[in-house]
Amino acid sequence: MTQTSGPITGNGTKKAGPFAALSSPLGRYILRRLVQALLVMVLVMVGSFFLMKLAPGDFVDVLAGTRDLTAEQTAELRARYGLDQPLVIQLVRYMGLLATFDFGYSPINAAPVTDVILARLPVTAILVVASVSLSMVIGTLFGIAAARNAGKPVDLGISIFMLLLYATPSFIVAIMLILVFGLKLGLMPIAGYESVGMGYTGWQHIWDVTRHLTLPVVALCTFYIAIYGRIGRASMLEVMRLDFVRTARAKGISEGRVFYVHALRNALLPLITMAGLQVSSLVGGAVLIETVFGLPGMGRTAYDAVLQRDTNLLLGVIFTSSLAVVTVNFVIDMLYMVLDPRVNLK
Amino acid sequence: MTGTFAHIRRLARHPSGLFGLLLLAAIILMSVSAGWIFPEGPWAMVGPTRLHPGVDPRFPLGTDTYGRDIVSAIFYGARVSLFVGIASAAIALIVGIVVGAIAGYFGGKVDDALMRLTDAFQTIPNFLLSIAIVGIIGASLPTITFAISIVAWPIIARLVRADVLRLRTYDFVQSCKIIGMSDMRIVFQQILPNCMAPIIVTTSVLVANAIIVEASLAFLGLGDPNVMSWGTLLNVGRQQLRTEAYITIVPAVALVLTVLALNLIGDALNDVLNPRLKERT
């Protein structure tokens, strides 16, 4: 790693120009990660295509179910949409459509799929962002508290609590939250994204939406609080045994400062990788949570699409959420590289 | 295989592992005895409707909105959970081990291609893909098992690949090559037995996860309509949450205890199979 750092300037062997950065190890690493991300998206597209082909009947059959079409008309429609072409040609056409965010028409919403997804995206995005941040903060705090008191009753108590959170599926948490905070105590709204017909604006509106999304976010969080708690604890204990911590202690720095300043910063790194994995699973979990709480998000949309056999819409949601996951993971990899200079670029 | 017995004994001496084993044994017992104790099956309307728990000793956990015995539904549901859990984990294990072993042993282009495929399956939100598959090809126990295992194998593949990648540079593998052993034999007879520990531990997670996904699908109404699953009961109970919360709570507790049992067994296996790791936690 001696000659790896930074774009090389003043080095006679490197050509100047827009692609100069690509020949540095860092540039090559970024490029390779981009190519990998693209390949993954191509595979997702191919997978979507085969899912679509698995569905009984094609787009024209769906259309024919809603209106009377003659045999000539269906044949003409199939020719117009290329459904009479060989499978490979259809696949290439389909990938071209997906790559340009043209997911076709959603019969159940009587609107283009892209419009439907854009309208439902914000709710899910809020849920995911809020859940990732909240679970990371709370989970890490639990992990720190457990590691600070390793072997003591506090550690045992936290471990048992984490074990319970880890074993409870998010939709069970959701139902229990509805039962306790919604139905028994009547403290929180249990359905929808905002109060209907109240006409709130400004801060009132934000407060209203926050109240509606609190229970869904908590339900999505609990499992990951347990994961961050476990990883955080293990990571802290691991780091506390490293040489630099011993050095810090030897210098006479207080135990609290060693723990919270020196060790903590280094122990947080593995948690960031977890966040990338979490996003994908949260979008999946959103199907259940949005359905239970009646939220107009992407997960609920996917569920409705499955129930009403709206394949275009379903595949549009799958493609969009996969793209979001790939993007987040790419950004996290880049972030990791900045935060941990030791990372191996190979 | 003398070690297997020793492992089981050590597992039984591990307090939380023992608790997990006992819970799992109870669940297995429920699924095996369901047919004898409730010969009329879980769908029979045997009592008054919406009977709350503890009112009638004949129905200790009450009846649902159709007058079906909830204890009977829990017993039969255990059967479904265990079947789907074990079957999907088995398929995921086979696919994951084969993919991971090939990728790790041969490396290069093969490895790259297989790892991108693994990435793709880990990128698509898993539950989304599962409901899509079940929705498109129809809900039955085999399709549900397929929809669960097709998203579960990548974890195993990654695990096996990393271990094989490490082990293939070891001297014993080189010796096998020199004496002319075939690649297949080297991978399956020499390398894989040396990386079983993490696979066994992860299997408990696979089974637990499969059980959760099956219950989730049935809860959403996407389960096999011909079998009584804990998710079926949760689906019925959802509409009665205000007045008959027990219809939801009973299967929820059954589900959480099952997952807890599998997690405890997994943690204990981790301690038992990797004694060196124990001091690190």
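**A cavity and a helix pair in chain B**

The largest cavity is lined by B:Ser88, B:Ala89, B:Ala92, B:Ile148, B:Ala152, B:Leu206, B:Asn209 and B:Ala210. This is a predicted model, in which local features need pLDDT of at least 70, side-chain atom pairs count only at pLDDT 80 or more, and totals for chains, interfaces and linings use all residues. Residues are numbered from 1 along each chain as its sequence is written, chains are lettered from A and ligands numbered from 1 in the order in which they are written, and side-chain values use heavy atoms, without hydrogens and water.

A cavity is a set of points, on a 1 Å grid over the protein atoms alone, where a 1.4 Å probe fits but cannot get out; lining residues have an atom within 4 Å of a point. The structure holds one cavity of 30 Å³ or more, and the largest has a volume of about 40 Å³ (the space filled by probe spheres set on the points, which are joined across faces, edges and corners). Helices H3 (70–106), H6 and H9 (196–219) of chain B each supply at least two lining residues; a helix here is a DSSP run (H or I) of at least four residues, numbered from the N terminus.

H6 (residues 141–167) of chain B also packs against H5 (residues 126–137) of chain B, at an angle of about 150° and with the axes 9 Å apart. Axes are lines fitted to C-alpha atoms over the stretch in contact, and angles run from 0 to 180 degrees between N-to-C directions. H5(B) and H6(B) are therefore roughly antiparallel, the term for angles over 145 degrees.

Terms used. Parallel < 35°, antiparallel > 145°, perpendicular 65-115°, else oblique. 1 Å grid on protein atoms, 1.4 Å probe; cavity = no way out; pocket = protein on both sides within 12 Å on 5 of 7 lines; lining within 4 Å.
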